[in-house]
Amino acid sequence: MGKIRVGIIGGGISGTALGYHLSLYDNAEIVLFEKNAIGCGTTAKSAGTVCLFDDSLRNRYWDVRLYGFESYLKMEREEKGSAGFDKTGTLVIATSESVEKTIRTGIALTRAAGYEGAYITDKARIKEILPLIDVENILGAGYTQDDGYFDGTMISNTYARKMQKNGAAVRTMTQVVEIVVTGNKATGVKTSDGTSHAFDYVVDCTGPWSGFTGKMAGLDVPIWHTKAEAFFLSPPGKKLGYVFPVLKYPAFYALRAGDNVFICKSHLSMDLSNPMHAGQWDPDKLPSTGGTDDYFIEFLFEQMKASVPGLVESGLVSSWLSYRAEPKDFLPLLGKTSVEGYILATGYGGNGIIEAPAASRDLAKLIMTGESTPLLEDWAFERLLN
Amino acid sequence: MNIAVCIKQVPVSNNVSVDPVTHVLVRDSAENMLNPADANALEEAVSLKERYGGKVVAFTMGPPAADKALRTAAAMGADELVLITDRVFAGADTLATAKALAESVRRCGAFDLILTGSESSDGATGQVGPMVAECLTLPHLTEVRSVEALEAGCLRGVKKFKNSGARVSVRLPAVLTLSYGCNDPRLPTFSSQIAAKKKTVIVHTNEDLALPEDAVGLSGSPTEVVDSFEPEKKKNAAFLSGSSAEIAEKILTLIQEKKGTGKKGADNG
Amino acid sequence: MDRGSRGICVFADNADGRIEPVVGELLTAAHRIGEITKEPVQALLIAEDCAGLVEELEDMAFHQIYAVETRGVSAFGDDSRSAVAAEMLRRVAPSCVLIPANDAGRSLFPRVAVKLNAGLTADCTELVVARRGNGEYFIKQNKPSFGDNVMVSIVHKAGRLPQMMTIREGVYETYQGNSPQGGEKPEVRVFQDILAPESAVSLLETLPFQGSDDMLSSDVVVVAGRGVEKTGKIGGKSALEAMGEFARKIGGALGGTRPLADSGLIPFENQIGQTGRVIRPEICLSFGVSGAIQHTDGIKDAKLFIAVNNDRNAPIFNVADYGVVADMEEILRALMERMERAG
């Protein structure tokens, strides 16, 4: 069997998950390039929620979600902490009948897979799970106890270690400065340390950087950035005293971070036509903390007043801004492009932690065997060319 | 008890590099924040106000965008905000900065205490506090770790001094610089942050301060920065080798060297 | 310029009746400048009682020693001491003043700078003698900035004398050279007529050194990572307990990364990282911290960062100043044994 040489650009969740799944094939020869450290870019700012269900990914893609979740549980079983799992459970609030319907389906799927899940309409019980919220204007809540959130940086580092164990090379602090394209075929890359590498496939796993990466291959990658703005709150009294679950409302979500609460605007509430929400920016200019717009505080203030009054008097510990890379239909960009040998594994749009394991599993198969999958066809780059 | 607090807006990240050709500083992020030790000064001021009454006025000097630090101060409990800003103040070293700050404080009435952080996280000279004190001919204490009591026109507190501590008393009014981490600064909340945004900022230009031109900004600075360059730093760690005992010895030597030159009492080892 | 027209003045910082060791370091710096500019090297002594201190300075290779006694004014009375220092410098009129960048120098000389309307550069780590077009010497003062990420060169503008600068401890070796005047005692001048004004600051008591065990204010923080969970017992204690004890013994505090807080081994208040606290210690020693960004982002500007990790490829070694690739259990045990021996 001939070797297939694959160069991966980007060491976030996308690149490391793909690198790991490729490294399971004996004839894969893999080099991953990361210009900084593994999992230090937008992956490090991900909330890392992988819930058994929520509205971040339609129930249609439930197997994607489950594969991601169970991949990380497996990691945790192999080495505790290697996926940074905090098993807090998830509470998804039904604010309308359509949301309620989605929740009921999600709960059914959860139970079918053998996990605990219930749709709760007893408001006293909901208050018991999360005392801070207002239950007056809600219909009910879906509650799953076996899930929670993970740590994207830990996962990326664990995948990077695993792929290295399988013989792949990981080059950190190494930036790809040129993608070599000969006669509309990507044949290799040149890196900041002055070396050249020949590949059969070059894969863009650079998420929010994909616009810039694509340009090096002469490809226009239709990625938009939506802002993921988040706050760390110190709840009144500074101690939660109970397990704060991952909390999902249509407009925002929250999870615990120690005794603090992390709260973020949900990505489906972003409006691509609003220049405050969406645009094309330079992710290299993202500050490590801060950078949120003033409107965000007011937005959250209103949301907290209406939905989680127990958090209104929280202290604002810190904030951060990240960019989600999204095509206009909010689905990932995977697979072949008009440049032969140049593959995309990007556009996860803030769902990389959930989607990358299953997407990488399928993409690795495509690269190594040429065989596509229904998921890849659904999330193919070609869909946007029509 | 009226308290002035002098604060500074600093970059969130100290990750700066130097353009090898132009020698201009390149910052990896334009994001700014309130200087961490100044948050400790504000906390001390606001808690003293809560105990003894009075008001807290926050002062900062910088470009108009430095009002962000003042808004944070307001969200933490500062009652009035003063922004000292004028093109003629640009390029000021510590001396010219202190003169402008002191003049602005002087024009805002009588204060019992003037607090500031013991140093900024970017320049870290620790000079501006004592300089403001001298400009206002007030006594000062640097590196204050705790304020214990106010009695008979004096403030009693504990300060750090050469790896030990000292309990001292200072007659008020006085200038104090507070050590980073000496207290747990209160956090802005949603409502205090939103209210802070609506607060009026008093602006002092040099028209208001009427300082002579040769006392402010670059022309009022006896020193100037003539160059900047990358330090000779290793990108990667230098590895210590040897037996475990030898490595332990090396680690302790490094720590003791860094802790200072074997001061009395400093070596608990 | 002939020797004697101006001078290079060293602030003879002292405590408990002894000249501080750092003064010997600044003496080296002063002589290096003096070799080029041919200026005399001078000591500026301010103390409650000068007698013994002058004798100590006499054996230290100064050309001239200037002293003022400030009876009744403690080392903290910088409102008073600055008036004395400024008047001394007006009379001595040196070209530059070298000051230790310690708590004493950093508190006293900003006031002196205001009184003399002179410039004061902070925390120099390198002094370079240079010459202006008119032949006049000046000092290029290099100092770290932005948490030691950048070096800047600062100069005093022409005619702005004295050039005052504080210099970090440990930059120069203690002066080893011979007395510059062939064994002759330096000239000693005590300004009897410079009287220290009353100070508004009084010392109530000196407190014994106590390392802060508060993680945020401590100068030394020992940081535990996920690796400690897998480490065996050391002298009957868990690795984390041993680290806590070691931290206390070196006068520091203990912190940890998120996994330790999650599993309840350390309180959330002591969690370091993006989702926890940001620490700014002088010295940071980490055990079993991998160096993932969300943890290292919580450690800002540590001047000395030593990392112990058994994985040579751990990203922590990209941020640390010194690395130890070893089993932390062994290193901790050796550190504890070494501390026991030292008592």
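Of the 137 residues in the largest nonpolar core, Val5(B), Val132(B), Val10(C), Leu45(C) and Leu98(C) touch the most other members. Such a core is a set of buried Ala, Val, Leu, Ile, Met, Phe, Trp, Tyr and Cys residues joined through C-beta atoms within 7 Å. The model is predicted: local features need pLDDT of at least 70, side-chain atom pairs count only at pLDDT 80 or more, and totals for chains, interfaces and linings use all residues. Residues are numbered from 1 along each chain as its sequence is written, while chains are lettered from A and ligands numbered from 1 in the order in which they are written.

Beyond its neighbours within four places in sequence, Leu45(C) is in contact (C-beta atoms, placed from the backbone, within 7 Å) with Ala12(C), Cys50(C), Leu53(C), Val54(C), Leu57(C), Ile65(C), Tyr66(C) and Ala67(C). A second, separate core holds 119 residues, including Ala28(A), Leu247(A), Ile343(A) and Ile353(A). In soluble globular proteins, nonpolar side chains tend to be buried together.

Next, the domains, whose bounds come from an automatic or database domain assignment. Chain B has domain 1 (3–215) and domain 2 (238–269). Their C-alpha centres lie 36 Å apart. Chain C has domain 1 (8–190) and domain 2 (220–342). Here 39 Å separate the C-alpha centres.

Now the contact between chains C and B. Chain C gives 83 residues and chain B gives 77 residues. On the chain C side, helix H4 (residues 103–116) supplies the largest share, nine residues. That side divides into 42 nonpolar, 20 polar and 21 charged residues. Ala, Val, Leu, Ile, Met, Phe, Trp, Tyr, Cys and Pro count as nonpolar, Asp, Glu, Lys and Arg as charged, and the others, Gly among them, as polar.

Strands also link the two chains. Strand E15 (residues 238–239) of chain B and strand E18 (residues 322–325) of chain C run parallel, joined by two bridges. Pairing requires at least two bridges found by DSSP. Ala238(B) stands opposite Tyr322(C) in E18(C). Helices (H or I, at least four residues) and strands (E, at least two) are DSSP runs, numbered from the N terminus.

Finally, look at Ala334(C). This residue is found in helix H9 (residues 328–342) of chain C. Ala334(C) counts as buried because it has 21 C-beta neighbours inside 10 Å. The cut-offs are 20 or more other C-beta atoms within 10 Å for buried, 12 or fewer for exposed, and partly exposed in between, with C-beta atoms placed from the backbone. Leaving aside neighbours within four places in sequence, Ala334(C) is in contact with Ser244(B), Ala245(B), Ile247(B) and Ala248(B). Ile234(C) is 100 residues away along the chain, yet its C-alpha atom and that of Ala334(C) are separated by 9.9 Å.

Technical notes: Two residues are in contact if their C-beta atoms, placed from the backbone, lie within 7 Å.
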